[in-house]
Amino acid sequence: METLNPQLFLTYSPELPNGDPLYVSSNCLPIKSSNLEPAGHSFHSAALLLAGISNEDESEADSQSVSSDDRAQDSTPFADSYSTKGKKKSGSGDQQQDHYALLGLGHLRFLATEDQIRKSYREMALKHHPDKQAALLLGELTEDAKQKKKDEIETHFKAIQEAYEVLIDPVKRRIYDSTDEFDDDIPTDCAPKDFFKVFGPAFMRNGRWSVNQPIPSLGDDSSSIAEVDKFYDFWYTFKSWREFPHADEYDLEQAESREHKRWMERQNAKLQEKARKVEYARVRTLVDNAYRRDPRIIKRKEMEKAEKQRKKEAKYLAKKLQEEVAARAAEEEKRKKEEAEKLAAEAALNQKRLKEKEKKLLRKEKTRLRSLAGVVVSNKDFGVSESDVEMICGSFEMEQLRELCDKVDGKESEEVARLLRTAANKNPERPQENGTQKPDSKGKTQQVTLPLSGSEKKEKPWSREEIEMLRKGVQKYPKGTSRRWEVISEYIGTGRSVDEILKATKTVLLQKPDSGKAFDSFLEKRKPAQTIASPLSTRVELSESASTTPVASSETGSASANGSVSVANGPVPVVDPEAWSETQERALIQALKAFPKDASQRWERVAAAVPGKTVVQCKKKFALMKESFRSKRSAE
């Protein structure tokens, strides 16, 4: 077997002469090798170095750029690190090519349909294809000119293809149409006659951005109000599809990471929203300017104002008419009231005159009677006194006095005296005659009635109950009360006349109470104690007390009206304590009116106002009267 020379396979560094070993020592500590492997950019650089593709300059430049980026990320926030990355280049001076003109649709532009775009693209592609334009290269003399012409043909064909790709895609075409040339001017003022000429084209231009198609027309002066309202309702709720790509500062394709791309999207959305608000404000300004200057709207506002003014005037006239009617009614009512008052005053005046006339005639007849009775009164033998004549004059009416005077006139003195005595005896107000007791033939007393003389006539005395009722009536009905004394007379309820009440107010009410009889009056006003029958009383005592009553009462007699004597020899009938006289009933009714339900101690005060009756009797009588009244009403 052939041996190989090891020197043919071994080479030595120039620092090792003849392959002798070189011993090197150091004072450093041993270092533990790292088990980390390169990754990311480091792995890429290592792979390039192993492949022998990258040189040291590129690696150094990459390392410097990576280190500078790391330092920037460490020293600035996340959002600021993206603020200068991925921005679109602006101001480069490149003009946007006219895609519609390249396809021969410059006269239609955004109105061109998809079929028109396809058809125009086929025609322009066939016409401007490089193979179809090869004949143009033959006209060039030099190779440079031919190459330049060839590049120009290819560039134009590529532009046609790019225009077709943009216009055939709905999204790209909407973005391109949004950046196409457009007149954003808004008319602000115009003459009324030029309104439709100025604002009509402006609405047509901006109508291209409307989502809802077709847009309503502005119309003319002959348009109806409904069409005008529909037009402005459409534009006040206008929705635009216009995009604003020129406001996007960031290109999403240049995003370095997902977070960077999302941040770009948010920034672009903010800018688009801001531009969209500006666009809506511009359209709203256009609609407001048109609405303020629209002659149809102005005319309608004037009509509404006139109608409102007409209604206001009609309302004012109606109110004024109503006030006039009310004033006339009030005036008429016032006139009627004045007429009624006038008639009442005239009637009162006539009544007063009639009463004065009657009084005058009455005085005349009284004077006539006094003159006719003067001869009889002067002679005391006829038994007619002057007081009798005055009593007749005070009690008789005018007709009665005239009739009496006619009878007396021309008669003899005896006949005159007889007529006067008869008239005096028939007088219902003649006072009662005094009675004297004379013993009869059997020794018993009998009541003899004798006529009273004129000097012995007296008025009916006032009882304590009547005085008390009079005092209460004077306090209850003070001065100024209509028909005061008649009302007080009805309140007392004992038939007292007005003259008697007036006289009593000047005499009876002014009398001071006797201090010596104060205790007696107290005993009379005190409530009677309830009597309780004693169980020890015998039947004999009761019979004796009952037998004494008729004996004592039998000694009294009753006088007749014509002066005859009547003697009561038999037993006196027992009076029913539950019986009510007419005077007591009137007094009860007046007391119930004077003391209502809510008065304190009502029934005690009512019983005090009714003479001779207790609280229980008054309550029973009131219940009977109420039951009788209800039965009468039910019978009706």
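Predicted model: local features only at pLDDT ≥ 70, side-chain atom pairs only at ≥ 80, totals over all residues.

Biologist: Which residues of H23 are called buried, and how do you know on which side of H23 they lie?

Modeller: The buried residues of H23 are Gln617, Cys618 and Lys621; the term requires under 20% relative accessible area. They cover an arc of only 95 degrees around the axis, and therefore they are on the same side of H23. H21 and H22 are among the elements that cover these buried residues.

Biologist: How do you know what span to expect of helix H23?

Modeller: The expected span is 1.5 Å times one less than the number of residues. Helix H23, residues 615–635, has 21 residues, and 30 Å is expected. Its first and last C-alpha atoms are 30 Å apart, close to that expectation.

Biologist: What makes the buried residues of H18 a single side?

Modeller: Ile501, Ala504 and Thr505 are the buried residues in H18. Their arc around the axis is only 100 degrees, so they are on the same side of H18. An α-helix has 3.6 residues a turn, so residues three or four places apart point the same way. The buried residues of H18 pack against H16 and H17, while the face turned away from them carries the exposed Asp499 and Lys506.

Biologist: Why is the largest set of nonpolar residues called a core?

Modeller: The name applies because its members are buried nonpolar residues joined through side-chain atoms within 4.5 Å. The largest nonpolar core has 23 residues, of which Trp462, Leu470, Ile492, Leu588, Val606, Val610 and Cys618 touch the most other members. Helices H16, H17, H18, H21 and H22 each supply at least two residues, and H21 gives the most, with five.

Biologist: What does Trp462 touch, leaving aside residues up to four places away in sequence?

Modeller: Trp462 touches Ile467, Leu470, Ile492, Arg496, Glu500, Ile501, Ala504 and Val508. A second, separate core of 21 residues includes Phe195, Trp235, Phe238 and Leu286.

Biologist: What makes a space a cavity, and how many of 30 Å³ or more are found?

Modeller: A cavity is a set of points where a 1.4 Å probe fits but cannot get out. The search of the whole structure finds two cavities of 30 Å³ or more.

Biologist: Why are Arg483 and Gln601 called exposed?

Modeller: Exposed means over 50% relative accessible area. Arg483 has 52%, and therefore counts as exposed; Gln601, at 60%, is therefore exposed too. Arg483 is in the loop between H16 and H17, and Gln601 is in the loop between H21 and H22. Arg483 has a positive phi of about 50 degrees although it is not a glycine, and Gln601 likewise has a positive phi of about 50 degrees without being a glycine.

Biologist: What is the omega of the peptide bond between Gln213 and Pro214?

Modeller: Omega is about 0 degrees, and the bond joining Gln213 and Pro214 is cis. Pro214 is found in the loop between helix H8 and helix H9.

Technical notes
Residues numbered from 1 in each chain as written. Heavy atoms only, no water. Buried < 20%, exposed > 50% of the residue type's maximum accessible area, 1.4 Å probe, protein only. Helix = DSSP H or I, 4+ residues; strand = E, 2+ residues; numbered from the N terminus. Contact = heavy atoms within 4.5 Å. Arc of directions from axis to C-beta. 1 Å grid on protein atoms, 1.4 Å probe; cavity = no way out; pocket = protein on both sides within 12 Å on 5 of 7 lines; lining within 4 Å. Points joined across faces, edges and corners; volume = space filled by probe spheres on them.
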